[in-house]
2 protein chains.
Amino acid sequence: MTSASLRRVTTGLGDRSYDILIGSGLLDAAATWDGLPASADALIVSNTTVAPLYAQRLQAVLAARHRRVLTLSLPDGEAHKTAAVLERIYDTLLEHGCDRKTVLYALGGGVVGDMTGFAAACYMRGVPFVQVPTTLLAQVDSSVGGKTAINHPRGKNMIGAFYQPQRVVCDLDLLRSLPERELSAGLAEVIKYGPIADPVFLDWIEANIEALRARDVEALAHAVQRSCEIKSEVVGADERESGLRAILNFGHTFGHAIEAGQGYGVWLHGEAVGCGMVLAAELSARLGLCEAALVPRLVRLCEAAGLPVRAPVMPTERWLQLMRVDKKAEAGEIRFVLIDGLGRAVMRSAPDALVAEVIAAHSAPAVA
Amino acid sequence: MTSASLRRVTTGLGDRSYDILIGSGLLDAAATWDGLPASADALIVSNTTVAPLYAQRLQAVLAARHRRVLTLSLPDGEAHKTAAVLERIYDTLLEHGCDRKTVLYALGGGVVGDMTGFAAACYMRGVPFVQVPTTLLAQVDSSVGGKTAINHPRGKNMIGAFYQPQRVVCDLDLLRSLPERELSAGLAEVIKYGPIADPVFLDWIEANIEALRARDVEALAHAVQRSCEIKSEVVGADERESGLRAILNFGHTFGHAIEAGQGYGVWLHGEAVGCGMVLAAELSARLGLCEAALVPRLVRLCEAAGLPVRAPVMPTERWLQLMRVDKKAEAGEIRFVLIDGLGRAVMRSAPDALVAEVIAAHSAPAVA
C-alpha cells in the first residue's frame, strides 16, 4: 500500500461545518487533531475488534491534547446498537466524572460511530465528538452527515439525533485490517452515490472495482473523497431530511427490511443495501422511471464488489410490514427512493402488488 | 377563580421560535391548538395523577386535528424520570406504527415535560411536541426553553437534549388541582427570577405571595407571564447554555445535591431549589457579592411561599461530591450561580471551606 496525499472535504453546515480528512498515516500524526477542543477529558469509544488494533495508538496521540484519555470497548456488531449498550457509554462518563467539555472519539465502524455520536448528542445535552471511522462503510457514509442513532427491537435507527461531529478522520491505512466481507459492504454505499447523483462516478467505480477490492490506496482515496463530497452536498442542502436528504437512502427501504427480517447482524448493512439497490432499481424500471438496463448493470457491479444480489425469501406480508415502520413511511404508506433517470433520485410510493413482483423477481429460491 | 385574559409570550429563537399562551379555559378551546402540525397521529404523554383529570378533555379537542390520538400514562414523580420509563414512550409510538410527523403532547409537570420533550427529540431523530404544563413549576420554568432530559443514577438531568416545543399552553385553570405542596414548589422558581434578573418582580412577588398561594388567577397570570418573559429573554440570548443561560440555575447546584442526596422525589425539585437559593444567597453575601440582607429576605419569602428553608443534614464531603457531578462543574470544580448585586447573577467557584460554612449555617439540626 502506497501513501495517498491528504484530501480535505469541508461540509457546508454554517457554524456547524467541519472537515473530513482523507489520507494515509493520519491516525498517528499530531496535525490531524490540531484545532479540536483540547478538553481535560476524552473518551475513546471503540469495540472489541477494533480497540486491540488501534485504540492504543489513538490514545498515545491524544495524550498530548487531553489530561486524561479513557477508552471504552463495546461489543462488536449491529446487534449491540441498543439502548442497553448506549447506557454503558453514559455510565463510563459519569463514573469518571467527565464534564460537559469532554470530547468523545468514535473509533470503529458505523455502529460505534452511530452510538458514540448519539451519546455525545445526549450526554449533558451535548458534548463534542470526533469520528475516526475504521470501515469503508463508515468512511464513505455513516460518519458523515450527523445522523446518529440506536436500534429498537421494532426497527433500525428508530431512536437518535441529528448531531454533527467536530471532524471526521478517514485514515485509509485503517482499512487494511478490514475483513473482505466488510470491504464489500462498504463498496455498496460507494456504488449508491452513482445512480442517485453522479453517472460519471458510477462509470469510474465500474472501471476501478478490482483496484478498490485490492485496496489500492489511490483508488480508495478517490472513492472516499467523491462519496463524502456527494453526501456533504446533499446533507448541506437538507440536514434534517425534510426532503432531498432521503435520496441517500437509495436501497435502504428494502435493505432495512432484509436486515430486520433476518435479524440484525445476519446480513451486514452494506450487503442489505446492495441487494436493496437492485430491488429499488427494478421498481424504478417497472414504474417507467429509468431504463431497465440499470438493473443488470447494478447486479453485475454488486457481484463484482462481492455483494449478494438475491434477496432472502420472506413472505410478502412480512416485507411490507417491515417496510411500513421505515422512518420515511408516512401514515402507513411506504416511500421508496427511486432512480428517475440515471444520476437523479426521487421519493415515490408504489402499489403493493408491484412491490411484491419486484421482490419475487429478485429473491433467492427457497431452501428445499 | 375568575377568568384571566389571554397573554402571549413569544420566544426569540429564530426559525424555532414559538408562543407561550397563558390564560384560563385554554385546554378546551379549539383556537388554542390552531396552527400546530395537524398530523395523522398524536400521542398524549401524561402521568397517572394528571391523566384521569385532563387527558380525556385534551383528547377530545385534539380529535378534531388528528386522525388518531393515543394516550400514555407514566408513573408520577421524579423517581420515574429514567431511561426505562422513557423507553415506554418509544415502545408505544412504535407499537402503533407512529411515523415521524406524529405530534407528542406533554400533559403534566416537569417530569412529563422533560421526558416527552426528550422522547420527541430522539424519536426518529425528532418529531414535533407541544407542552401542556399542569404544574406551576412547569408553567414558569421547565416547559419553556427547550431543555429536556432524564436522570441517571449518578446525576439529575444527565442525559438529554436541547429541543424546542412547537407551543407551550399554560392553562391557569389546571393549577386548581395542584396540591398545596407542589404550588409552593412552583413558587420557588417564580421567586428565582427576582434576584437573578428583576428586583421589581421580587417586590411584586413579596406583595402578592398570599394571592398567589390562594391561586388568584390574575396574580398567577402575571407571575407566569413575567417568569416566562425573563426565561425567554435569557434562553434567546443563549439557547445552549454556553454562559448566560446558566444563571437560571440559581439555587440549583445546592438544590440538585439535596435532591440526589435525599433520593429523587423525597424533596420536590422546587423545594430543593428554594432552600438552594437561600444557600446560594448566603454564599454570595459571604463572598461580598451582595448585601447580607438578601438572605433573611429570601428566607422570609420562601417561608411565606410554604417552602422549607433548612437544608437536610448530610456530611460535607457528600455535598461536595454531589455538586461536583453538576453539569456546570468544569474539571471537577463546582461552579455556583451567585447574586452579584440584586437583579444580576454570575457564575463563580468558591473555596470548599466557605461552602461548608454556608451549608452548616443553614442545615437543619440533626435528628436526635
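**Exercise 1. Find how many salt bridges and polar contacts join chain A and chain B.**

Solution. The count of salt bridges between chain A and chain B is 0. This is a predicted model, and side-chain atom pairs count only at pLDDT 80 or more. Next, take the polar contacts. Between chain A and chain B there are 8 residue pairs in polar contact, both residues at pLDDT 80 or more. Now place the surface on its elements. Helix H2 (83–95), helix H3 (110–122), E7 and E8 of chain A each give at least two residues to the side that touches chain B. Last, sort that side of chain A by class: 17 residues are nonpolar, 4 are polar and 15 are charged.

**Exercise 2. Describe the extent of the contact between chain A and chain B.**

Solution. Start with residues. Chain A brings 36 residues into contact with 37 residues of chain B. Then take area. About 3300 Å² is buried between chain A and chain B, with 55% of it on carbon and sulfur atoms.

**Exercise 3. Divide chain A into domains and characterise the contact between them.**

Solution. First, the bounds. The domain assignment gives chain A a domain 1 (7–177) and a domain 2 (180–361). Their C-alpha centres lie 25 Å apart. The contact takes 36 residues from domain 1 of chain A and 38 residues from domain 2 of chain A. Second, the area. About 3000 Å² is buried between domain 1 and domain 2 of chain A, and carbon and sulfur atoms give 62% of that.

Third, the pairs. This interface has 4 salt bridges by the rule. It also has 10 residue pairs in polar contact, both residues at pLDDT 80 or more. H4(A) gives the largest share, 6 residues. By class, this side of domain 1 has 14 nonpolar, 14 polar and 8 charged residues.

**Exercise 4. Examine the salt bridges A:Lys192 with A:Asp141 and A:Asp198 with A:Arg226.**

Solution. Side chains of opposite charge can pair when their charged atoms come close. The side chains of A:Lys192 and A:Asp141 meet at 3.5 Å, N to O. For A:Asp198 and A:Arg226, the closest N and O atoms are 2.9 Å apart. Now locate this second pair. A:Asp198 lies in the loop between helix H5 (180–197) and helix H6 (199–213) of chain A, and A:Arg226 lies in helix H7 (residues 217–237) of chain A, so the pair ties together parts that are 28 residues apart in sequence. Over all chains, the rule gives 46 salt bridges.

How values were computed: Residues are numbered from 1 along each chain as its sequence is written. Chains are lettered from A and ligands numbered from 1 in the order in which they are written. This is a predicted model: local features need pLDDT of at least 70, side-chain atom pairs count only at pLDDT 80 or more; totals for chains, interfaces and linings use all residues. Side-chain values use heavy atoms; hydrogens and water are left out. Domain bounds come from an automatic or database domain assignment. Contact means heavy atoms within 4.5 Å. Buried area is the accessible area (1.4 Å probe) that two parts lose on being put together, summed over both. A polar contact is a pair of N or O atoms within 3.5 Å; within protein, one must be able to donate a hydrogen and the other to accept it, and residues adjacent in sequence count only if both atoms are side-chain atoms. Helices (H or I, at least four residues) and strands (E, at least two) are DSSP runs, numbered from the N terminus. Ala, Val, Leu, Ile, Met, Phe, Trp, Tyr, Cys and Pro count as nonpolar, Asp, Glu, Lys and Arg as charged, and the others, Gly among them, as polar.
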